[in-house]
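Open the model in your viewer and keep the selection panel at hand.

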Amino acid sequence: MAEQDDINSMSGSNKNHVKVYILLGQSNMVGRGKVNGNVDGSLSYAIKEKHKYPYLVNEANQWTASPNVRFVRVMGSPMKVFNNEWLTAQGNSNIGPELGIGHGIVGNVDSNNGNNNSVPLQPVLLLKSCIGNRSLGWDLLPPNSPPFEYTDETKQTTWHYAGYKESPQKWIKGTDPIPIRWYAGKQYDGDIQNAKQVLESIETYYPNATEYEIAGFFFWQGDKDRYDAGHASAYEKNLVRFIQQLRIDFDAPNAKFVCATLGQTPKEDDVNAGTEGQILQAQLAVDGSSGKYSEFEGNVATVYSHPLCHGGASNSHYNGNAETFMDIGEAMGLAMAKMNE
């Protein structure tokens, strides 16, 4: 097991300057990929039997730790710290996409040829702040999001959907809302507050760091929104606003953004896939190469994850298959690295 004492073990003039990437989303971003077990679908099996992800182990087939990428995972109110360690699979029973993301960013993912020792060590912090079962159209709705109306043609009912800080989630147009203890955007506020709390004590989470920059955001989400036609119809507008608001809230106008689609939804079925198709089209639309949003050109990328999905779906957490989480994570990390070139 490789160990690192602190940032002083690195060389370079910017060794005390940490690049921070914030990971947001719902349960699949939190992590449901199985690490252990000699069964197809576990991370251990993929490494030992399929010879994938060689950068995660040493010659003795023991888990290694990244020498420069730190991983922190927080959740809840008050904030609870679940991980504060050098990026590794050791000691974790489940993973999200962070292993692939981290190694993709720093250049270790190169046709699975192992660690790339030619890349200078850059201090990197992956900061994951999220929880499961959250929708972009309600829980993660960003500030300044206005309310909107959606008509359910099958029931001939028009709904008023909550704007930021309104409650409840929706109510029939023309009726009086009955607020609940949750409001639109409450999870956004909580996740961002927790991330900022970590950054306020950066040296606690990246030893001896003296300064940081928000280099980018990763977002893997969309499952809960597919169960509500109104949320699916507004997903693109909400995602655009989400990207813009993150950059405002962290004073990081140049921070890159990478999102991944739901693995079960193929492009060829997007028109006929109902709410899933709407979400897929929305996620593809914000990619800077789509040409739809000029402000996102060169700084927003979408990973089409269907070819990287090894069975299951977002609501089953891809059956816990670690290869799905690793392969999507690698693709997200590589997409970020490409924009950083």
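How many strands form the open sheet, and in what order? There are 7, ordered S4-S3-S6-S1-S10-S11-S12, with mixed pairing. Strands (E, at least two residues) and helices (H or I, at least four) are DSSP runs, numbered from the N terminus. Two strands pair if DSSP finds at least two bridges between them.

A word on the source: this is a predicted model, where local features need pLDDT of at least 70, side-chain atom pairs count only at pLDDT 80 or more, and totals for chains, interfaces and linings use all residues. Residues are numbered from 1 along each chain as its sequence is written, and side-chain values use heavy atoms, leaving out hydrogens and water.

Stop 1: Select 80–86, strand S4, and 300–303, strand S12. Each of these edge strands pairs on one side only. Across the sheet, neighbouring strands are turned by 20° against each other on average, direction ignored.

**Stop 2: a strand pair.** Select S10 (211–220) and S11 (256–260). They pair in the parallel sense over 5 bridges. Find glycine 216: its bridge partner in S11 is lysine 256.

**Stop 3: across the sheet.** Now show H7, residues 235–249. H7 lies across S1 (17–25), S10, S11 and S12, at about 145° to S11. Angles run from 0 to 180 degrees between N-to-C directions; axes are lines fitted to C-alpha atoms, for helices over the stretch in contact.

**Stop 4: the helix pair.** Tyr188, Ile192 and Lys196 of H4 make the contact (heavy atoms within 4.5 Å) with Phe242, Gln245, Leu246 and Asp249 of H7.
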